[in-house]
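Notebook open, viewer open. I want to go through the aromatic rings and then the chain as a whole.

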Amino acid sequence: MKQYVVDAFTDKIFSGNQAAICVMTSWPDEKLMMNVARENNFSETAFIVKEEGKYHLRWFTPGGEIDLCGHATLASAYVVMRFYNDADKITFTTISGDLTVKKKNDLYSMDFPAYELRPVPVTPAIIEALGVVPESAYMGRDLLCVLRTAEEVRECVPNMEKVKELDGLLLHITAHGNDEADCVSRSFAPKLGVKEDPVCGSGHCHIVPYWAKILGRNKITAYQASERGGWLYCENDGERVVISGSAALFSEGEIFIEAESSNVKS
């Protein structure tokens, strides 16, 4: 099985968000894909199979399959365009529908569905999990909490066991940014076996609609303030969010799997 490791939302390795991209000619069973994801222990391992002229894409965290992942989609487009298809546009078939990625210069732009946000109360459980009192909270697929300052976002040390008890698949915290970034955010996914997701594309399908409304404009430059850090160049477009970023190749190799344990044809 061919595997690439790509750092997404960055133009240099050792930053951004790591994704392992496995390119195959047929699907292995889900147990094997889960084992590979756990072995990699990144926030995401993506699996790509080309069938009937289409690239099918699935995403796995160490805790299970997920319905949408931004950084691994960007990394998948980078791999396909660099090694398999000399094109500047590609569409992936996924469980979230067809996702199109366009390349312009060094940026890869992804057209994603936006999550509809509804206000929810800031509960004692949220405050206890974060260790700080959010100004407001919203629910889409994930829980989004708005903090007062970028410093609060950077310095926040959530209690992961208590985060697991909150509603929502992931937890995102965000605040207004500075001169370089319109907003600063961090993302946590302990329910999926990931304490902190270094740069979360699908999280910005929550974060960008929020800040577009607050700031009164559709173009948002976002910084993910994890230890690795990463930049996302976003545009809110009603029910869609266009998220752009760079990518850097860390490694290219083979995963060796005994024939009897896999249906993969490498």
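I started with Tyr108, which is buried at 5% relative accessibility. The model is a predicted one, which I keep in mind throughout. Tyr108 sits in strand 8 (residues 107-113).

Next I checked Phe14 and got a relative accessible area of 61%, so I put this residue down as exposed. Then I looked up Phe250, which comes out partly exposed at 44% relative accessibility.

Back to Tyr108: how are the planes of Tyr78 and Tyr108 set against each other? I read 70° between them and 6.0 Å between the ring centres, so I logged the pair as edge-to-face. Tyr78 belongs to helix 2 (residues 70-84), 30 residues from Tyr108, and the pair links distant parts of the chain. I also looked up the cover on Tyr78: it is buried, at 8% relative accessibility. The cut-off for buried is under 20%, so both Tyr78 and Tyr108 qualify.

Then I counted ring pairs over the chain and got eight aromatic pairs. One of them is Phe14 with Phe250, with centres 5.8 Å apart and planes at 70°, which I noted as edge-to-face. Where do Phe14 and Phe250 lie? I found Phe14 in the loop between strand 1 (2-8) and strand 2 (17-24), while Phe250 is in strand 18 (residues 247-254).

One more ring entry: Tyr4, Phe83 and Tyr84 are linked into a cluster by ring pairs.

Now the whole chain. I counted six helices and 18 strands. I compared the radius of gyration with the rule for a compact globule: for 266 residues the rule gives a value near 18 Å, and the chain has 18 Å, so the two agree. Along the principal axes, the C-alpha atoms fill a box of roughly 55 × 40 × 30 Å.

How much of the protein chain is buried? I get 56% of the 266 residues. For contacts with a separation of 6 or more, I find that 63% are between residues 24 or more positions apart.

The chain exposes about 12,200 Å², and carbon and sulfur atoms supply 47% of that.

Key
Residues numbered from 1 in each chain as written. Predicted model: local features only at pLDDT ≥ 70, side-chain atom pairs only at ≥ 80, totals over all residues. Heavy atoms only, no water. Helix = DSSP H or I, 4+ residues; strand = E, 2+ residues; numbered from the N terminus. Rg over C-alpha atoms; globule rule 2.2 N^0.38 Å. Buried < 20%, exposed > 50% of the residue type's maximum accessible area, 1.4 Å probe, protein only. Contact = heavy atoms within 4.5 Å. Areas by Shrake-Rupley, 256 points an atom, 1.4 Å probe, with all protein chains shown as cover. Phe/Tyr/Trp six-rings, centres within 6.5 Å; stacked < 30°, edge-to-face > 60°.
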